[in-house]
Amino acid sequence: MHRVALPATLGRLLGPAALAASLATCAVNPVTGKRELSLVSESQEISMGRQYAAQVDQQIGVYPDSGLQAYVSRIGLSMARASERPDLPWTFTVIDDPQVNAFALPGGFIFVTRGILGDMTNEAELATVVGHEIGHVTARHSVQQMTRQQLAQIGLLAGAIASDRVAQNLGVISQGLGVLFLKYSRDDETQADGLGFRYALNAGYDVRQMVDMFQILQRVSASAGQRIPEWQSTHPDPGNRIQRTEERLARVTVPLEGKRVGQDAFLDRVDGLVYGDNPRQGYFEGSRFLHPDLAFQLEFPAGWKTANQAEAVVGLSPNQDAQVQLALAGSDPPATALQKFLGQQGVQAGRASQTTINGNPAATAAFSATTQSGTLDGLVTYAAYGGNTYQLLGVTAGGKYSTWEGTFQQFTGSFRRLTDPAALGIRPNRIQVVTVDRNTTLAEFNRRSPSVIPLDQLALINGLADGDAQLARGQRIKRVITR
């Protein structure tokens, strides 16, 4: 699974002197016991991980279920505190992301998505995934990856991500957390699989469930109805991971019968879990973006790639030479917010004016901004609505502002109140755990108590082969409903 590493802040965290000094530092790998060259001390590793974790919390968001958070944390801590690095400030967090994913940050900050929880069927599967991520940290894979990078490459990557505070405020150089997710090597992934297997086994889990987890990943990657991050394509094939897990199982010398599976405990915790995208947090209908909770709508340029992120809703032109975005900008009046934006170092303001957008007070200006990556030209507008101030931004590079000015103005002018009762009342899909009342097949059960997802997905989230799978009276299964 993937991870975050080498953001633009690396140089600021370590500093040139510390970075140079650390080139000569050797450290003992806690897992292998071997000495290895290391650019990053443990304290620096923790500092970086803590900073990135705050970015994850802010840009993706924590899933709002304290019981589920405590449950995942308990499972993770039971393994981490028995690992080779028990004294790290381990944290385990469920993030509000529908993708099937989990990742580890340097220093012991582990994240799993609600998307991967929705596709699991028991606690032992969860333990093997969390154990895998713990393994990346205990083996210091992120630190090794940083050490392998040339200093010139570090500088190049830093410049590509975000050149300075102006670029970060514009939101166009840093394209969300995606630029921070780099890949581990296949050897790292294989080692993390083995460590996760061992940690879960030592914690009392039935590690045969690791095979089931890889089968889930295999099916998810093959299912058009599921979303899986593109990093999956560079990971070891789930089939090969299944084979290696079966080889590990063959070497286990303790009985696995009676080891913890934890299906009922797990199902109790995911009952009510949001499944798929949550439209309450905003959704697209074609190029139109609607946000029920904040009661606004906005029209993006037709044909542009769009994304609803925790911090902003963004659109990128087909040739990737222009971007628009909407973001919350606090509670300052529009004119004050605009003045602060234009007052940043490196920003050259055009003519500013106060106006209204569909009855909402607003302030707007064209601008240019000088960054290490070049000059950006754009249109920025702040609009007050519903007790919030919103930033509507259009930006381009290479002297193309005149080409995109009209598009930016249309985007800004489309911001308005959402009044459609159907959109305002939309609800997310959620997992509902039910007990089967008779011997039947999954397909027949679904005909009597239909889910809002296709039958093949229903089989997947229940760890069943297909709709012909047999269900026994009293068996607990998941279905997906809208409520």
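A residue counts as buried when its relative accessible area is under 20%. In this predicted model, 53% of the 483 residues of the protein chain are buried by that criterion.

**Figure 1. The protein chain as a whole.** The secondary structure consists of 17 helices and 22 strands. The chain exposes about 20700 Å², of which carbon and sulfur atoms supply 48%.

**Figure 2. Nonpolar cores.** The largest nonpolar core contains 69 residues, and Trp90, Phe92 and Leu126 have the most contacts inside it. Leaving aside residues up to four places away in sequence, Phe92 touches Gln69, Val72, Ser73, Gly76, Leu77, Ala80, Ile110, Val130 and Ile134. A second, separate core has 21 residues, including Leu326, Leu379, Tyr390 and Phe408.

**Figure 3. The aromatic pair of Phe296 and Phe415.** The count of aromatic pairs comes to 14. In this pair the ring centres are 5.4 Å apart and the planes meet at 40°, so the pair is tilted. Phe296 lies in strand 10 (residues 296-299), whereas Phe415 lies in the loop between helix 14 (401-413) and strand 18 (416-417); the pair therefore ties together parts that are 119 residues apart in sequence. Both residues are buried. Ring pairs also link Phe296 and Phe415 into a cluster with Phe284, Phe289, Phe300, Tyr385, Tyr390 and Phe411.

**Figure 4. The aromatic pair of Phe341 and Phe367.** This pair is edge-to-face, with 5.1 Å from centre to centre and 75° between the planes. Phe341 belongs to helix 13 (residues 334-342) and Phe367 to strand 15 (residues 360-371), and the pair links these distant parts of the chain, 26 residues apart. Both Phe341 and Phe367 are buried.

Methods: Residues are numbered from 1 along each chain as its sequence is written. This is a predicted model: local features need pLDDT of at least 70, side-chain atom pairs count only at pLDDT 80 or more; totals for chains, interfaces and linings use all residues. Side-chain values use heavy atoms; hydrogens and water are left out. Helices (H or I, at least four residues) and strands (E, at least two) are DSSP runs, numbered from the N terminus. Buried means under 20% relative accessible area, exposed over 50%, partly exposed in between (1.4 Å probe, protein chains only). Accessible areas come from the Shrake-Rupley method with a 1.4 Å probe; for residues, only the protein chains shown count as cover. A nonpolar core is a set of buried Ala, Val, Leu, Ile, Met, Phe, Trp, Tyr and Cys residues joined through side-chain atoms within 4.5 Å. Contact means heavy atoms within 4.5 Å. Rings of Phe, Tyr and Trp (its six-membered ring) pair if their centres lie within 6.5 Å; planes under 30 degrees apart count as stacked, over 60 as edge-to-face and the rest as tilted.
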